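Good morning, colleagues. I would like to take you through the packing of helices in the structure on the screen.

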Amino acid sequence: MTEAVMALVRDRVIQGEMRPGVQYSVYRLAEELGVSRSPVRDALLRLEEAGLVRFRRNRGFEIVPTFVEDVVEIFAIRISLEVAAARRAADRREDAFAGKAETLREEMIRAAHDGDEVRFFAHDARLHGLVFDTAGLPRSGRVVQQLRTSTRLLGASTAAGHARGYHDIIAEHDPVIAAIVAGDARAAGESMRAHIEHTARLLVAQSMGVDDQSEADEMWGKLSAYFPAVRP
């Protein structure tokens with residue numbers, strides 16, 4: 001039940017039904033779901049540990065907003081972990097990777113065709129998870145999944161407002177997959193870095209609320225400079 005409540009809160013935030021800056025009642029949420037307060041509070045405590053919700057004394061809870069600095073930190077960590085995972089996955093060259101990656105890619109295409117953003121990014125996450133599995137880095141994979149949840153939970157999406165299309169996102173994965181299949185660790189790492197950094201720059205612009213991408217790029221460069229792993 002705790003997991004179900006967590007999933008419900010995530011879905012509502014992603015769909016815009018729950019927003020930062022609004023006070024929500026634990027009691028009312030439990031009543032709405034027809035469950036006791038215990039699983040609701042347990043779920044919210046876990047989301048609080050992840051930095052996704054905040055309790056207010058005698059006032060329920062609220063969704064924690066994502067700021068530009070949060071986006072930069074999240075993606076700096078992702079670059080550090082995912083570039084390494086792509087390189088190692090290429091070095092390991094597991095035969096099953098190609099077939100699994102192609103299946104997930106096809107699922108992303110179908111979700112894009114249906115305009116189903118939630119399903120699309122669920123398969124996107126599984127594809128990134130496959131890279132970690134292939135690399136034999138499950139702990140890093142779990143860290144990145146939580147970081148992805150942090151951005152998705154708050155509705156941050158580069159597909160929102162057509163910042164880039166679904167098929168553009170799929171195309172950014174293709175060189176990563178090809179390099180891993182070919183066993184080219186350097187190309188796998190470079191392609192993964194390019195993909196994640198592009199996502200980061202777009203989300204920085206979204207967080208800043210600006211249409212001028214050059215302004216967002218300047219902010220990304222300024223803040224990411226503190227993270228050595230971001231630099232090639």
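Let me begin with α5 and α8, which are roughly antiparallel to each other, because their axes cross at roughly 175°, and angles over 145 degrees count as roughly antiparallel. Please bear in mind that this is a predicted model. Helix α5 covers residues 96-114 and helix α8 covers residues 166-182, and their axes come within 11 Å.

Which residues of α5 and α8 meet? From α5, they are Phe97, Ala98, Ala101, Arg105, Met108, Ile109 and Ala112. Facing them in α8 are Tyr166, His167, Ile170, His173, Asp174, Ile177, Ile180 and Val181. Sorted by class, this contact comprises 11 nonpolar, 2 polar and 2 charged residues.

I would draw your attention to one of these residues, Tyr166, which lies in helix α8. Is Tyr166 buried or exposed? Its relative accessibility is 18%, so Tyr166 counts as buried, the cut-off being under 20%. Tyr166 and His113 are separated by 53 residues in sequence, and their C-alpha atoms lie 8.8 Å apart in space.

I turn now to a second pair, helix α4, residues 68-92, and helix α10, residues 213-224. At what angle do α4 and α10 pack? The angle is about 65°, with the axes 10 Å apart, and the crossing is right-handed. Helix α4 contributes Val68, Glu69, Val72, Phe75, Ala76 and Ile79 to the contact, while α10 contributes Met219, Trp220, Leu223 and Ser224. By class, the contact of α4 with α10 contains 8 nonpolar residues, 1 polar and 1 charged.

Thank you for your attention.

Terms used. Residues numbered from 1 in each chain as written. Predicted model: local features only at pLDDT ≥ 70, side-chain atom pairs only at ≥ 80, totals over all residues. Heavy atoms only, no water. Axes fitted to C-alpha atoms, helices over the stretch in contact; angles between N-to-C directions. Helix = DSSP H or I, 4+ residues; strand = E, 2+ residues; numbered from the N terminus. Parallel < 35°, antiparallel > 145°, perpendicular 65-115°, else oblique. Contact = heavy atoms within 4.5 Å. Nonpolar A, V, L, I, M, F, W, Y, C, P; charged D, E, K, R; others polar. Buried < 20%, exposed > 50% of the residue type's maximum accessible area, 1.4 Å probe, protein only. Left-handed = near helix turned anticlockwise from the far one by under 90°.
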